[in-house]
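Please look through the structure shown below.

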Amino acid sequence: MNYQILKNIVDAELQRFQTISEEDWNHKAVPEKWAKKEIIGHLCDSAFTNIRRFVVTQYKENENIVYDQNIWVNAQNYQNIPASELINLWKALNYQIVHVVENIPDEALQRTCDITKTEPQVFTLEFIVKDYIEHLQHHLKAI
């Protein structure tokens, strides 16, 4: 699998992020929706959780690794962190993901992890990595 695509996405987005003002990072269209800073914070949370999935699944089958995105975003109060700090964290986490996934042995890609909050539902590590990239791209469109 070629994960250079993830590094390319991160590098392109870092350039785009430089064009977004702090005011735009803070803006909430409606109080119930996340501001751009909260979206990037959510993507950091996703990266934290997925790094754990990518590592643990290599040695432990069907581990349940989940997180509650709204609780995590609220608990970390991303709205009150400078956008530049969040961007640096997001960059570092995603570069680490590139490093981790490049080093997953091929035979580990079919190992499984439970990523659900309710009834167990397992997915292969290969699927989880691809899904991470799709999830990332989905949220980046909202920034």
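**From a residue pair to the fold**

Asp114 stands opposite Val122, a residue of strand S3. The model in which this pairing is seen is predicted.

The strands involved come next. Strand S2 covers residues 112–114, and its pairing with S3 is antiparallel, over 3 bridges. Strands of a sheet pair through backbone hydrogen bonds, in either a parallel or an antiparallel sense. Here the sheet is open and has 3 strands in the order S1-S2-S3, with mixed pairing. Strand S1 (63–64) and strand S3 (122–124) stand at the edges with a single partner strand each, so one side of each has no neighbour in the sheet.

A helix accompanies this sheet. Helix H6, residues 125–140, lies across S2 and S3 and runs at about 85° to S3.

Helix H6 also takes part in a pocket. Which helices each supply at least two residues of the lining of the largest pocket? They are H3 (36–56) and H6. The volume of this largest pocket is about 220 Å³. Its lining consists of 13 residues, and the closest to the pocket centre are Asn50, Arg53, Tyr67, Asp131 and His135. Sorted by class, the lining holds 5 nonpolar, 5 polar and 3 charged residues.

Now the whole chain. The protein contains 6 helices and 3 strands. Along the sequence these elements follow the pattern α-α-α-β-α-α-β-β-α. The radius of gyration of the protein is 16 Å, close to the 15 Å given by the globule rule for 143 residues, so the protein is as compact as a globular protein of that length. The C-alpha trace spans about 45 × 35 × 20 Å along its principal axes.

Definitions and conventions: Residues are numbered from 1 along each chain as its sequence is written. This is a predicted model: local features need pLDDT of at least 70, side-chain atom pairs count only at pLDDT 80 or more; totals for chains, interfaces and linings use all residues. Side-chain values use heavy atoms; hydrogens and water are left out. Two strands pair if DSSP finds at least two bridges between them. Helices (H or I, at least four residues) and strands (E, at least two) are DSSP runs, numbered from the N terminus. Contact means heavy atoms within 4.5 Å. Axes are lines fitted to C-alpha atoms, for helices over the stretch in contact, and angles run from 0 to 180 degrees between N-to-C directions. On a 1 Å grid over the protein atoms alone, a cavity is a set of points where a 1.4 Å probe fits but cannot get out, and a pocket is an open set with protein on both sides within 12 Å along at least five of seven lines; lining residues have an atom within 4 Å of a point. Grid points are joined across faces, edges and corners, and a volume is the space filled by probe spheres set on the points. Ala, Val, Leu, Ile, Met, Phe, Trp, Tyr, Cys and Pro count as nonpolar, Asp, Glu, Lys and Arg as charged, and the others, Gly among them, as polar. The radius of gyration is taken over C-alpha atoms; the globule rule is 2.2 Å times the number of residues to the power 0.38.
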